[in-house]
Amino acid sequence: MPPSPSPRPAQVPAPAPADRVATDPPGSAPPLALRVRAVALVAAMAVGSIVLWIGIPVLWILLGGLISTPGTPSFAPIALVLVATPVSMAFFAPLLGRLDHAHRELRGALRDGPRRAAWNTSMRDSQDTTAQDGILERVMVVSVALAVAVAGGYLALFGGSMSVPGT
């Protein structure tokens, strides 16, 4: 008697992600907890980018003003501000990148391999690159526009009242 063919193993469905309920249809809205975490990450990126473009420079300008002596011109406070501001920004910026990475991971939008900028892709590419990019770029554009508006408003309101002592 020939051996009977072995039955095919049953296909086991992939387990649902921990944050999804198994009965949710694919493509449904994410649970409230995921949306709250995503909004919290975007809010943290917004606050962090405002700190990056406004908070860090103002902090170093205030510290430079504290170490300067009135009436005696010195290059040390200016050098402190000119060197410490970009160095502080360079150390702070990767934190924003980590927040963006966490946001993309939460949305499930991480890609394997290197990312290509949208301007560096062919129109023949079938991938929708904008759907997989992070939100940090948009948050940074808004925060830079806000920083420029704040600086312009400050200079417009208080720029004419500044005077150099002894002139």
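A: Start with contact: it means heavy atoms within 4.5 Å. With that rule, and leaving out residues up to four places away in sequence, Pro57 touches Val51, Leu52, Thr85 and Met89. Two ground rules come next. This is a predicted model, in which local features need pLDDT of at least 70 and side-chain atom pairs count only at pLDDT 80 or more, while totals for chains, interfaces and linings use all residues. Residues are numbered from 1 along each chain as its sequence is written, and side-chain values use heavy atoms, with hydrogens and water left out.

Q: How many helices and strands does the protein chain have?
A: Helices (H or I, at least four residues) and strands (E, at least two) are DSSP runs, numbered from the N terminus. Here the protein chain has four helices and zero strands. The order from the N terminus is α-α-α-α.

Q: What share of the protein chain is buried?
A: Of its 167 residues, 18% are buried. For surface, accessible areas come from the Shrake-Rupley method with a 1.4 Å probe, and for residues only the protein chains shown count as cover. The protein chain exposes about 12,700 Å², with carbon and sulfur atoms supplying 70% of that.

Q: How do I check the span of a helix?
A: The expected span is 1.5 Å times one less than the number of residues. H1 has 36 residues and should span 52 Å; its end C-alpha atoms are 50 Å apart, which agrees. H2, with 32 residues, reaches 47 Å from first C-alpha to last, close to the expected 46 Å. Helix H4 (residues 136-158) has 23 residues and reaches 32 Å, close to the 33 Å expected.

Q: Where do H1 and H2 bend?
A: The bend at a residue is the angle between axes fitted to the seven residues ending there and the seven starting there. H1 has a kink of about 40°, centred on Val51. H2 bends by about 25° at Phe91, and Pro94 follows within four residues. Just after H2, Gly108 takes a positive phi of about 75°.

Q: What do the buried residues of H1 pack against?
A: They pack against H2 and H4. Among them are Leu41, Met45, Leu52, Ile56 and Trp60. On H4, the buried residues are Leu136, Val139, Met140, Ser143 and Ala147. Their cover includes helix H1 (32-67) and H2. The buried residues of H2 include Thr85, Met89, Leu96 and His103.

Q: How many salt bridges are there?
A: A salt bridge is a side-chain nitrogen of Lys or Arg within 4 Å of a carboxyl oxygen of Asp or Glu. The count is one salt bridge. Asp100 forms it with Arg104, the closest N and O atoms being 3.4 Å apart. An α-helix has 3.6 residues a turn, so residues three or four places apart point the same way.

Q: Are Asp100 and Arg104 buried or exposed?
A: Both are buried. Asp100 has a relative accessible area of 4%. Beyond its neighbours within four places in sequence, Asp100 is in contact with Met45, Gly134, Ile135 and Leu136.

Q: How many aromatic pairs are there?
A: Rings of Phe, Tyr and Trp (its six-membered ring) pair if their centres lie within 6.5 Å; planes under 30 degrees apart count as stacked, over 60 as edge-to-face and the rest as tilted. The count is one aromatic pair. Tyr154 and Phe158 form this tilted pair, 5.3 Å centre to centre with 50° between the planes. Both lie in helix H4, four residues apart, about one turn of the helix. Tyr154 is partly exposed, at 45% relative accessible area. Phe158 also counts as partly exposed, at 42%.

Conventions
Buried < 20%, exposed > 50% of the residue type's maximum accessible area, 1.4 Å probe, protein only.
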